[in-house]
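Please look through the sequence and the model that follow, keeping both at hand while reading.

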Amino acid sequence: MLPPSTTPLILWDIDHTLLTISGVSRDIYAHAFERVTGERPRKIASMAGRTEQAIITDTLTLNDREANETTIAAFYRALGDAALVLRDRMHSQGRALPGGRGAIALLHRAGAVQSLVTGNIEVIARAKLQAFGLTEHLELDTGGYGDHSSDRAHLVTAARERTGARLGIVFVPERTVVVGDTPHDVRGAHHAGSPVIAVATGASTREDLLDAGADAVLSDLGDGSGLVALVERLTSTTGVKEGS
């Protein structure tokens with residue numbers, strides 16, 4: 001058995017952490033719902049910090065549709081198609097958030113391995129990141145994606161184990177850092193035994209994120225060097241909760 005590695009693993013959330021695509025997410029769901037059911041949805045479930053599995057299930061239920069395995073699988077396929085159809089709109093209506101690209105590059109130079117933990121299914125995650133040129137230095141094939149589970153802790157564990165298996169490295173929870181913007185990200189990371197850096201670039205405030213137990217809260221990702229130093233502190237000690 002390989003010994004645990006001292007290499008840190010960074011698991012990035014996407015929406016409102018690295019980028020925003022404004023209202024296009026709801027349009028993707030409306031497009032997919034119509035593709036699967038032949039009708040426009042009356043309601044679309046809340047999305048913030050949630051997995052596609054949970055959003056699909058709730059959206060079907062809100063529209064009096066059975067959320068069975070066959071329908072959910074069809075919805076995944078339709079979401080992937082919709083993401084590709086609407087990728088140009090993602091770029092025109094959305095934006096990369098400040099500092100994300102630079103932070104990824106600096107962490108790469110510092111020797112960290114980086115992947116994703118996101119509520120998006122893989123095809124949507126790729127489409128969003130590609131739209132803003134954010135794929136470099138990320139292990140996209142091994143992320144924890146929203147069709148794997150509706151439990152974000154399971155996604156953190158899955159991403160850690162899949163990335164380690166691919167690279168032949170044993171990543172331990174204590175040296176796996178989640179970066180996200182919601183209390184769901186915070187709780188998922190902690191339930192998986194990992195520290196979490198929260199960024200107040202989404203709907204959740206600094207206070208919301210600290211109350212959820214974030215190990216650190218940043219206003220944004222603009223200070224890439226500070227983020228690298230924070231990752232080093234969190235992965236070399238037990239860490240102290242802080243805001244910055």
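Predicted model: local features only at pLDDT ≥ 70, side-chain atom pairs only at ≥ 80, totals over all residues.

After the helix comes G111, a residue whose phi is positive, near 100°.

Two packed helices are described by the angle between their axes and by the distance between the axes. For α5 and α10 the angle is about 45° and the axes are 9 Å apart. Angles of 65 to 115 degrees count as roughly perpendicular and those under 35 degrees as roughly parallel, and the two helices α5 and α10 are therefore oblique to each other. The crossing in which α5 passes α10 is right-handed. On the side of α5 the contact is made by A103, L106 and L107, while α10 contributes G224, S225, L227, V228 and V231. Sorted by type, the residues of this contact of α5 with α10 divide into 6 nonpolar, 2 polar and no charged.

## Helices α2 and α3

The contact brings together E52, Q53, I56, T57 and L60 of α2 with T71, I72, F75, Y76 and L79 of α3. Here the residues of the contact of α2 with α3 divide into 6 nonpolar, 3 polar and 1 charged.

| Helix pair | Angle between axes | Distance between axes |
|---|---|---|
| α5 and α10 | about 45° | 9 Å |

## Strands β5 and β6

Strand β5 (residues 176-180) and strand β6 run parallel and are joined by 3 bridges. Within this pairing, V179 has I197 of β6 as its bridge partner. In a regular strand the side chains alternate between the two faces of the sheet. In β6 (residues 196-199) both faces are covered, with V196 and A198 buried on one side and I197 and V199 buried on the other.

Apart from its neighbours within four places in sequence, I72 is in contact with I56, T57, L60 and A67. The C-alpha atoms of I72 and A30 are separated by 14 Å, although the two residues are 42 residues apart along the chain.

S204 has its place in the loop between β6 and α9 (206-212), and at 13% relative accessibility S204 counts as buried. Leaving aside neighbours within four places in sequence, S204 is in contact with D181, T182, P183 and L209.

Q130, by contrast, lies in helix α6 (residues 122-131) and is partly exposed, with a relative accessible area of 40%. Not counting residues up to four places away in sequence, Q130 touches R87 and T135. Q130 and D147 are 17 residues apart in sequence, and from C-alpha to C-alpha they are 20 Å apart in space.

Note on methods:
Residues numbered from 1 in each chain as written. Heavy atoms only, no water. Helix = DSSP H or I, 4+ residues; strand = E, 2+ residues; numbered from the N terminus. Contact = heavy atoms within 4.5 Å. Nonpolar A, V, L, I, M, F, W, Y, C, P; charged D, E, K, R; others polar. Buried < 20%, exposed > 50% of the residue type's maximum accessible area, 1.4 Å probe, protein only. Pairing = 2+ DSSP bridges. Axes fitted to C-alpha atoms, helices over the stretch in contact; angles between N-to-C directions. Parallel < 35°, antiparallel > 145°, perpendicular 65-115°, else oblique. Left-handed = near helix turned anticlockwise from the far one by under 90°.
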